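Here is a short tour of a protein's inside. Look at the sequence and the structure first, then read on.

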Amino acid sequence: MSNRATRRLSLGVRLHGGEERVPGLPLLPAPPDPHGYPFHEFLVMELERGRLDALLVPRLLAAPPGPGDIAPGPVFEAATLLAGFAGAADGIGLVATAPALGGHAGAIAHRLASLDVLSSGRSGWQPELYGAGADDEAGSSDDEPRRARAAELLAEIERLWSAGNQGAPDAPPPLPQGRPVLFLAAGTPAERALAARHADVVLAARRPLEQARSWYAETKTRAATHGRLPEDLLIWTELTPLVVSDAHQAAALRTDDVLAGTPAQIADHMEQWFEQRACDGFTLSFPSLPGPLVDFVDHVIPELWRRGLFPNDYEHPTLRENLGLRPHAIPTGATHV
């Protein structure tokens, strides 16, 4: 049986804040100021035009200097920026990175619940578990205590969301999709263990194909030990595509980090990885903006549509449903906050 009978490719795009901003396009001119909100909204609308599943934004998105600028641009806080996008776009999922700080479960739960309400159930979040600002010992090499604290924080936030879904006083507002879709990086063994148990989407690092296939199978097997089905979590791998006009140019521009290729070549790569179960989807990034992003939407996405790998419309109102994830179970009975 073809994998496509039960699976479909899923795609997210991550903005890093360090991309070169190149203003202006021949046919679809972007707002000229790469620092302003309209430029970022333009990117979101382009991604929605391609029906991509989700946009992932770091905790603080810094706009770098534009051409000729000597000062850095403004810094946008993820949840605030995505709240603006929620009113502009009506299909793409909006994923905020939030610092997972001990003692701040209530603030995190309310902020992300508000984003889920504003986006009508299209929110997701990626906890910043071990990065700068997390509740962690500086320079600690012991990953297991950090994993345990992260699991406790996730459980507390989940409890608050469950309370809100049941209308408890002072709890977050009820969430349209039960809880935001949970994205977890899995760069260390402890992170991988946490992701296998809790994540809806596991963010995997770049690996050679055969290593990625083995990592994929092992992670799905780990999830099964927690009573989860293979389809209960998606595994996305990193990919930086760059659309070029011919194979000769692709060979000259391709690097270990950038997949330069014609639309067919890039689609071939994505199809191979998906069909061979090296991933369920990709976390895309682009070396500069807006050109490579728009080229991907204009040329690679239609190729994926033609191959039946990727849907040409948003089929459901919530991010969770569009990703093919099962509805999040809301506990019944009294919950005390």
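## The model

This is a predicted model, where local features need pLDDT of at least 70, side-chain atom pairs count only at pLDDT 80 or more, and totals for chains, interfaces and linings use all residues. Residues are numbered from 1 along each chain as its sequence is written, and side-chain values use heavy atoms, with hydrogens and water left out.

## The largest pocket

Rolling a probe the size of a water molecule over the atoms shows where empty space is left. Here a 1 Å grid is laid over the protein atoms alone, and a pocket is an open set of points where a 1.4 Å probe fits, with protein on both sides within 12 Å along at least five of seven lines. Lining residues have an atom within 4 Å of a point. A volume is the space filled by probe spheres set on the points, which are joined across faces, edges and corners.

The largest pocket holds about 440 Å³ of space. It is lined by 20 residues, and Arg179, His198, Asp200, Arg228 and His328 are the closest to its centre. Two elements give two or more residues to this lining: helix H4 (143–165) and helix H5 (189–198). H4 gives the most, with 5 residues. Helices (H or I, at least four residues) and strands (E, at least two) are DSSP runs, numbered from the N terminus.

The lining has 9 nonpolar, 2 polar and 9 charged residues. In this count, Ala, Val, Leu, Ile, Met, Phe, Trp, Tyr, Cys and Pro are nonpolar, Asp, Glu, Lys and Arg are charged, and the others, Gly among them, are polar.

## The second largest pocket

This pocket has a volume of about 360 Å³. Of its 24 lining residues, Arg14, Gln126, Ala185, Leu203 and Glu238 are the closest to the centre. Strands S7 (123–128), S8 (181–185), S9 (201–204) and S13 (281–284) each give two or more residues. S7 supplies the largest share, 3 residues. By class, the lining divides into 11 nonpolar, 7 polar and 6 charged residues.

A cavity is a set of points where the probe fits but cannot get out. The structure holds 1 cavity of 30 Å³ or more. Its lining is Ala204, Ala205, Arg207, Ala212, Trp215, Ile235, Thr237 and Ala278. Helix H6 (209–224) and strand S10 (234–239) each supply at least two of the lining residues.

## Nonpolar cores

In soluble globular proteins, nonpolar side chains tend to be buried together. A nonpolar core is a set of buried Ala, Val, Leu, Ile, Met, Phe, Trp, Tyr and Cys residues joined through side-chain atoms within 4.5 Å. Buried means under 20% relative accessible area, exposed over 50%, partly exposed in between (1.4 Å probe, protein chains only).

The largest core has 81 residues, and Leu11, Leu55, Trp125, Met270, Phe282 and Leu304 touch the most other members. Apart from it lies another core of 12 residues, among them Ala54, Val181, Leu234 and Leu325.

Which residues of H5 are buried? They are Ala190, Glu191, Arg192, Leu194, Ala195 and Ala196. These buried residues pack against H4, S8, S9 and H6.

Val297 sits in helix H9 (residues 291–306). Val297 counts as buried because its relative accessibility is 4%. Leaving aside neighbours within four places in sequence, Val297 is in contact (heavy atoms within 4.5 Å) with Glu46, Leu47, Arg49, Gly50, Leu52 and Pro302. Val297 and Glu46 are 251 residues apart in sequence, but 7.2 Å apart in space, C-alpha to C-alpha.
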